[in-house]
Amino acid sequence: MRVLFITRTSIERLSGGDKIQILNTKQALEKLGVTVTLATEQTTIPAGTDIVHVFNPSQLSAAPLRAARAAGIPVVVSTIHWDMREYYRAMFAVNRKFLSIRPPRFLRHYAVNQCKALAYNFIWNPAVLKILRTVFTQADLLLPNSQAEADLLVRDFSIPHDHIVPVVNGFDASMASSVVAGAFKKANNLGDFVLCVGRVEYRKNQLALIEALMNEPYTLVFIGRPLDPGYMALCTALGTRRGKTVFIDHMDQQQLFGAYRDARVHAMVSWYETPGLSSLEAASVGTNLVLTRGGCTEEYFGSDASYCEPTDPESIRVAVRQAWNKPKNDALSKRIAEKYTWDETGRETLAAYRLVKPAHQ
């Protein structure tokens, strides 16, 4: 079977959860004998392609779908979708915080990001929803990462249930089993700490985590590249005021799993996660989790995590305290290792391909 993966043009330049999902799904399928080619915004489908698999269509146009349909090749879509309207509305309130920290320095960031918020709310998001409706309704099969995401597709786009097959997200089990405890702490001269791994951006809500823990004794460690320089400047300014707040730009996967292993808590208080690859990775080495209720987190992690509301500082504080004081429990890491590996993602994806009658088989 020959499969063409199509994704956003910025995949090499800008890393993210979708890139990790794409590369690991590709590797898992190749282990199963599938030939996978990766392309960006492809409008010409190579001869011999059996299936076109589109990832993260919110970052694409509908052109790849139209090209595949014209060639008579079935299209499956990894939707990577959640309703972002509440999150985009919240950007206005976050931007006002630029005015509270040395206004002369941050007025430009405030103006730029208020314009971005207006564009996201009134131009970009409506345009994306229009593209998504076209892609979701015309694709042969949709592959969300959870039942919660599947239910959202049914509710918001009227997709028939038989056009949706949830496929789990995964983590690298080999990384989880090979890390050595203590190395990250030693290299960074740290004691116990709260970790947050992910791009520094509005959706990941790192600013709210800093604000919620402003007067708490925990050391906070953020690992991830900034997506928006203004938001990063706001986070670092508040982190400097707080103290005991460390920002690390980037780490390779091996080092990252060392950080997960050494963290007492991994906190991801995003507006939503589907379910959040960093949370899966942290859970795989037994680290206690604090998670947003937005997205499909509860479906993956159940009662083995502490949950918070991303808009409520007290909720975040209580969840971090709860996770900090809770003994580590192997139940979640064992369940993650059984259900949420990339090999399982590959098996479920291949089973979904066989439902749509590949073009040359």
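Q: Where is the place of P275?
A: P275 sits in the loop between β9 (265-268) and α11 (277-284). Helices (H or I, at least four residues) and strands (E, at least two) are DSSP runs, numbered from the N terminus. The peptide bond from T274 to P275 is cis, with omega near 5 degrees.

Q: What kind of model is this, and how are residues numbered?
A: This is a predicted model, where local features need pLDDT of at least 70, side-chain atom pairs count only at pLDDT 80 or more, and totals for chains, interfaces and linings use all residues. Residues are numbered from 1 along each chain as its sequence is written, and side-chain values use heavy atoms, with hydrogens and water left out.

Q: How are two packed helices described, and what about α1 and α15?
A: Two packed helices are described by the angle between their axes and the distance between the axes. Here, helix α1 (residues 17-31) and helix α15 (residues 342-353) pack at about 75 degrees, their axes 8 Å apart. That makes α1 roughly perpendicular to α15. Axes are lines fitted to C-alpha atoms, for helices over the stretch in contact, and angles run from 0 to 180 degrees between N-to-C directions. Under 35 degrees counts as roughly parallel, over 145 as roughly antiparallel, 65 to 115 as roughly perpendicular and the rest as oblique.

Q: Which residues of α1 and α15 meet?
A: Contact means heavy atoms within 4.5 Å. Among the residues that meet are I20, Q21 and L29 in α1, and W342, L350 and Y353 in α15.

Q: What order do the strands of the open sheet have?
A: Two strands pair if DSSP finds at least two bridges between them. The open sheet of five strands runs β2-β1-β3-β4-β5, with parallel pairing. Its edge strands, β2 (35-40) and β5 (141-142), each pair on one side only. Strands β3 (residues 51-55) and β4 (residues 75-78) pair over four bridges, and V54 stands opposite V77 in β4.

Q: Is N288 buried or exposed?
A: Buried means under 20% relative accessible area, exposed over 50%, partly exposed in between (1.4 Å probe, protein chains only). N288, in strand β10 (residues 288-292), has a relative accessible area of 7%, so N288 is buried.

Q: What about S158 and N205: buried or exposed?
A: S158 counts as exposed at 61% relative accessibility, whereas N205 counts as buried at 5%. S158 has a positive phi of about 55 degrees although S158 is not a glycine. For N205, also a residue other than glycine, phi is positive and near 65 degrees.
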